[in-house]
Amino acid sequence: MSSIDDLRFFHVVAASETLTAAARELGSSLPAVSKRLRALEQRLDARLVHRGTRRLVLTSEGELYAARLETILDQVRELDDLITHRSADLRGSVVVQATLGLGRAHVAPLLGEFTARHPQLNIRLHTTALPLRPHRREFDMAVHVGTPPDSTLRMRRLARNRRVPCAAPSYLDRKGMPERVEDLADHDCIVLRENEGDFDLWRFGTAGRPRQVRVRGRLSSDDGDVVTDWALRGHGVIMRSEWQVRSHLDSGALVRVLPGVPTPPADIYALLADDVHVPRRVSELIDHLAARLPARIAGSR
């Protein structure tokens with residue numbers, strides 16, 4: 001194997017939770033990955049990964065190697081992109097990460113459109129309910145709802161969005177319509193447990209006049225579709241992205257709660273690492289998402 005192949009190999013290992021996950025990502029067996037890792041460590045005369053832990057943990061040498069190889073691989077990608085610019089065709093691969101709901105409903109169809117236009121381009125979409133970990137470099141581009149968790153990331157807004165509280169008419173007939181933000185503390189609120197924030201702290205108001213309330217309820221999930229379905233069945237109030245519940249609000253299946261109280265924006269962004277070259281295939285993909293996503297989430301295809 002060449003040194004560049006070793007760098008690409010360890011890049012996948014360093015970004016994986018376990019060696020088993022790395023083997024799955026590399027399309028190889030666990031014994032083969034373990035053997036190749038040992039051979040790389042022997043060549044470098046350094047231990048890169050701690051053995052005996054359930055999760056993959058890099059040694060200090062492994063952390064240094066992973067950090068430095070990013071610069072080298074980025075230079076290789078930049079060179080590839082320079083050659084690709086000589087052709088009108090986009091080629092290569094792009095790894096995209098997105099949240100489960102948005103990824104399934106809107107990002108995936110738009111990625112399909114883009115690959116149909118560029119038959120030499122490969123795109124892999126990774127949908128997850130887990131928080132972003134940009135320092136692990138698991139993606140070329142991430143589609144994220146709300147304020148990015150890492151201020152070092154480059155970002156471009158793809159579409160405007162807000163989170164809105166809503167409930168089914170059957171629930172409001174039974175429990176009554178909240179009149180103030182504080183009234184939500186006495187309602188059955190269904191909590192979406194995503195990312196790493198305060199799940200049950202719901203925010204209202206504007207940047208100049210923020211308001212918040214600690215809600216409670218007996219139902220919670222890390223799956224946005226499950227949370228929305230519970231609300232549709234009349235089990236409580238939810239706080240969901242406007243793009244996700246717009247059709248239910250339009251049909252009357254859900255009703256906006258506290259319609260006169262503003263909620264903070266939760267815009268949809270494309271996120272990129274700030275210290276890497278952006279290949280043309282990635283920048284043009286972002287242009288495609290920015291052009292098409294707003295119309296999709298507004299209800300028109």
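Q: Taking helices as DSSP runs of H or I with at least four residues, and strands as runs of E with at least two, each numbered from the N terminus, how many helices and strands are there in the protein?
A: The model is predicted, and its protein has 301 residues, of which 43% count as buried. Its secondary structure consists of 9 helices and 12 strands.

Q: In what order do the strands of the open sheet of 5 strands lie?
A: The edge positions belong to β2 (121-128) and β4 (154-159), each of which pairs on one side only. From one strand to the next, the twist averages 25 degrees. The pairing is mixed, and the order is β2-β1-β3-β12-β4.

Q: Which residue in β12 does H144 stand opposite?
A: Strand β3 covers residues 141-145 and strand β12 covers residues 268-272. The two strands run antiparallel and are joined by 4 bridges. In β12, the residue opposite H144 is Y269.

Q: Which element supplies the largest share of the largest nonpolar core?
A: This core has 27 residues, and V96, M141, V143, L158, I268 and L285 touch the most other members. At least two residues come from each of β1 (92-99), α5 (100-117), β3, β4, β12 and α9 (280-297). The largest share is 7 residues, and the element that supplies it is α9.

Q: How many residues does the second, separate core have?
A: Among the members of this core are F9, F10, A23 and L69. A23 in α2 also takes part in the meeting of α2 with α3. The size of the second core is 18 residues.

Q: Are α2 and α3 roughly parallel or roughly perpendicular to each other?
A: The axes of helix α2 (residues 19-26) and helix α3 (residues 30-44) come within 9 Å and cross at roughly 105 degrees. Angles of 65 to 115 degrees count as roughly perpendicular. The relation of α2 to α3 is therefore roughly perpendicular.

Q: How many nonpolar residues does the contact of α2 with α3 have?
A: From α2, L19, T20, A23 and L26 meet L30, V33, S34 and L37 of α3. By class, the contact has no charged residues and 2 polar ones, and its nonpolar residues number 6.

Q: What distance separates the C-alpha atoms of T99 and A129?
A: T99 has its place in strand β1. Leaving aside neighbours within four places in sequence, T99 is in contact with R104, T127, T128, V143 and V145. T99 and A129 are 30 residues apart along the chain, and their C-alpha atoms are separated by 5.8 Å.

Q: Which residue in β8 does W202 stand opposite?
A: Strands β7 (residues 201-205) and β8 (residues 210-214) run antiparallel and are joined by 5 bridges. They form a hairpin with 4 residues between them. In β8, the residue opposite W202 is V213.

Q: Does A273 count as buried or exposed?
A: A273 lies in the loop between β12 and α9. M155 is 118 residues away from A273 in sequence, and the two are 8.7 Å apart in space, C-alpha to C-alpha. Buried means under 20% relative accessible area. The relative accessibility of A273 is 15%, so this residue counts as buried.

Notes. Residues are numbered from 1 along each chain as its sequence is written. This is a predicted model: local features need pLDDT of at least 70, side-chain atom pairs count only at pLDDT 80 or more; totals for chains, interfaces and linings use all residues. Side-chain values use heavy atoms; hydrogens and water are left out. Two strands pair if DSSP finds at least two bridges between them. Axes are lines fitted to C-alpha atoms, for helices over the stretch in contact, and angles run from 0 to 180 degrees between N-to-C directions. A nonpolar core is a set of buried Ala, Val, Leu, Ile, Met, Phe, Trp, Tyr and Cys residues joined through side-chain atoms within 4.5 Å. Buried means under 20% relative accessible area, exposed over 50%, partly exposed in between (1.4 Å probe, protein chains only). Angles under 35 degrees count as roughly parallel, over 145 as roughly antiparallel, 65 to 115 as roughly perpendicular and the rest as oblique. Contact means heavy atoms within 4.5 Å. Ala, Val, Leu, Ile, Met, Phe, Trp, Tyr, Cys and Pro count as nonpolar, Asp, Glu, Lys and Arg as charged, and the others, Gly among them, as polar.
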